Amino acid sequence: MINEERVILMTKLASYERGRGKKNVTISNFFRSDYIGFQLLKSVIYATMATGIVVGVYLFYHFEDLMQDVYELDLIEIGKDVLKYYLILIAVYCGISYAVYSYRYHKARKSLRNYYQNLRKLTQMYDS
Amino acid sequence: MTSLLVVKQHIKHFIGKYEVYLQPLGKFLVAFITLLFVNGATGYMTRLNSLAIVFVVALMCSFMPPNFTVIMAGAFVIAHLYAVSMECAVVMLAIFLLMFLLYYRFSPKDTLVILLTPIFFILKLPYAVPLTLGLLSSPLSIVSVACGIIVYYTITYITGNIVTLAGMAADDMAVRFRYVIDGILHNREMLVMIGAFSATIIVVYLIRRMPIDHCWIIATITGSLVNIMVLLLGDLIWDVNVSVPLAILGTAVSIGIAKIVEFFAFHVDYNRAESVQFEDDEYYYYVKAIPKITVAAPQRTVKKIHSSRRQN
């Protein structure tokens with residue numbers, strides 16, 4: 001005799017394992033600090049690349065002016081400015097990343113806890 | 001209405017039954033249509049305009065993750081612009097890279113919006129995008145829509161100034177680069193559109209989350225009015241060339257599209273809404289339950305009646 005409730009629960013669990021579950025298991029394999037730290041490191045790399053692109057576009061845009069005044073430019077001052085904006089971008093972007101990935105980690109753990117609870121329920125169904 | 005609901009049930013059943021085939025087919029169609037639109041809007045690299053190439057690339061996209069379509073569409077755009085001038089291609093590449101590096105790593109699923117927004121602009125129905133996203137998504141989709149708008153207006157600007165760009169001397173790389181960047185940064189129509197679409201998404205999202213009857217249709221209409229108002233305001237302040245009658249007509253059609261979306265995503269019967277109240281040890285619960293409108297799709301059974309052959 002088919003136990004309808006058990007089949008529904010098993011289908012739900014199987015669907016979770018194939019879909020969202022896979023990602024959540026990967027996330028929860030890390031410690032919280034490791035996961036967020038790794039994502040922050042990636043954010044720093046991406047933000048650095050983005051800064052590189054913007055600086056490249058800016059330099060090319062002002063190419064003629066820069067070539068004309070190349071000997072009169074205060075390169076240290078310009079470097080300081082670039083560094084200031086770069087650090088601001090990194091700070092803002094890492095702040096957003098921290099918030100997003102903390103939330104994702106928390107959600108993944110919660111969702112997995114729910115999954116294991118359902119798994120226990122299923123075992124109990126078989127035992128009874 | 002009942003027949004429409006039956007059709008909806010049939011569609012749901014059909015999709016559920018043939019999902020394995022429909023998913024790659026859907027991806028193929030999205031990629032094929034997108035690449036045709038890209039070729040139609042730009043089309044400067046004649047080799048890429050070949051239908052065979054579009055077909056083969058779309059076929060590849062049907063077996064790859066959805067983001068592959070976005071990458072291919074981006075590659076097509078860059079290749080076409082490269083045929084005009086390298087500076088245009090570099091600017092476009094920089095825009096794409098910034099979008100992918102800074103935003104799409106957080107929500108890679110949103111990349112589809114970057115494809116659909118320019119397509120809806122070409123179809124003259126851009127206002128359907130914020131209405132639909134406000135109904136189905138979160139305010140975070142503002143970033144995706146803004147990216148889509150930037151891509152569309154960049155392509156439009158470059159294609160609109162192709163003669164000027166081609167007329168510039170070959171060694172004036174920096175001038176051409178500056179011309180393209182200036183055109184994009186000072187495009188007020190683009191900024192007005194981003195403002196209007198952002199306001200629309202926020203308004204639609206906030207209203208459809210309210211616990212009021214017919215919130216989806218109220219959200220759609222209010223969002224449409226906000227959209228038109230922001231466009232008018234932008235036109236008044238910056239004198240951008242937004243055609244007001246066309247905007248009103250486009251918004252009206254977009255409301256129709258939003259209504260279709262509502263029919264499939266949120267079709268409920270407010271007449272049968274129930275308000276229940278109960279409590280447990282910690283809380284009082286005030287729950288409003290609105291039943292979904294569903295009908296059972298009639299099952300047709302074909303009974304074959306064969307006349308029994310007489311054996312001699």
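**Figure 1. Helices α5(B) and α10(B) are therefore oblique to each other.** Angles under 35 degrees count as roughly parallel, over 145 as roughly antiparallel, 65 to 115 as roughly perpendicular and the rest as oblique. The model is predicted: local features need pLDDT of at least 70, side-chain atom pairs count only at pLDDT 80 or more, and totals for chains, interfaces and linings use all residues. Residues are numbered from 1 along each chain as its sequence is written, while chains are lettered from A and ligands numbered from 1 in the order in which they are written. Helix α5 spans residues 86-102 of chain B, and helix α10 spans residues 173-185 of chain B. They pack at an angle of about 45 degrees, with axes 9 Å apart. Axes are lines fitted to C-alpha atoms, for helices over the stretch in contact; angles run from 0 to 180 degrees between N-to-C directions. Helices (H or I, at least four residues) and strands (E, at least two) are DSSP runs, numbered from the N terminus.

**Figure 2. The crossing of α5(B) and α10(B) is right-handed.** A crossing is left-handed if the near helix is turned anticlockwise from the far one by less than a right angle, and right-handed if clockwise. From α5(B), the contact uses Glu87(B), Cys88(B) and Val91(B). From α10(B) come Met173(B), Arg176(B), Phe177(B), Val180(B) and Ile181(B). Two residues are in contact if their C-beta atoms, placed from the backbone, lie within 7 Å. By class, the contact holds six nonpolar, no polar and two charged residues. Ala, Val, Leu, Ile, Met, Phe, Trp, Tyr, Cys and Pro count as nonpolar, Asp, Glu, Lys and Arg as charged, and the others, Gly among them, as polar.

**Figure 3. Helix α3(A) passes α5(B) in a left-handed crossing.** Helix α3 covers residues 32-61 of chain A. Its axis and that of α5(B) come within 9 Å and cross at roughly 160 degrees. That makes α3(A) roughly antiparallel to α5(B). On α3(A), the contact residues are Tyr46(A), Met49(A), Ala50(A), Ile53(A) and Val57(A). They meet Ala94(B), Leu97(B), Leu98(B), Leu101(B) and Leu102(B) of α5(B). The contact of α3(A) with α5(B) counts ten nonpolar, no polar and no charged residues.

**Figure 4. The contact between the chains takes eleven residues from chain B and ten from chain A.** On the chain B side, the elements giving two or more residues are α5 and α10. Helix α5(B) supplies the largest share of that side, five residues. The side of chain B that touches chain A has nine nonpolar, no polar and two charged residues.

**Figure 5. Chain A has five helices and zero strands.** Its elements run α-α-α-α-α from the N terminus on. The radius of gyration of chain A is 25 Å, well over the 14 Å that the globule rule gives for 128 residues, so chain A is more spread out than a compact globule. The radius is taken over C-alpha atoms, and the rule is 2.2 Å times the number of residues to the power 0.38. Along the principal axes, the C-alpha atoms of chain A fill a box of roughly 90 × 25 × 15 Å. Buried residues make up 8% of the 128 residues in chain A. Buried means that 20 or more other C-beta atoms, placed from the backbone, lie within 10 Å of the residue's own.

**Figure 6. Chain B has 13 helices and two strands.** Of its 312 residues, 31% count as buried. Its C-alpha atoms fill a box of roughly 85 × 75 × 45 Å, taken along the principal axes.

Conventions. Buried ≥ 20, exposed ≤ 12 C-beta atoms within 10 Å, placed from the backbone.
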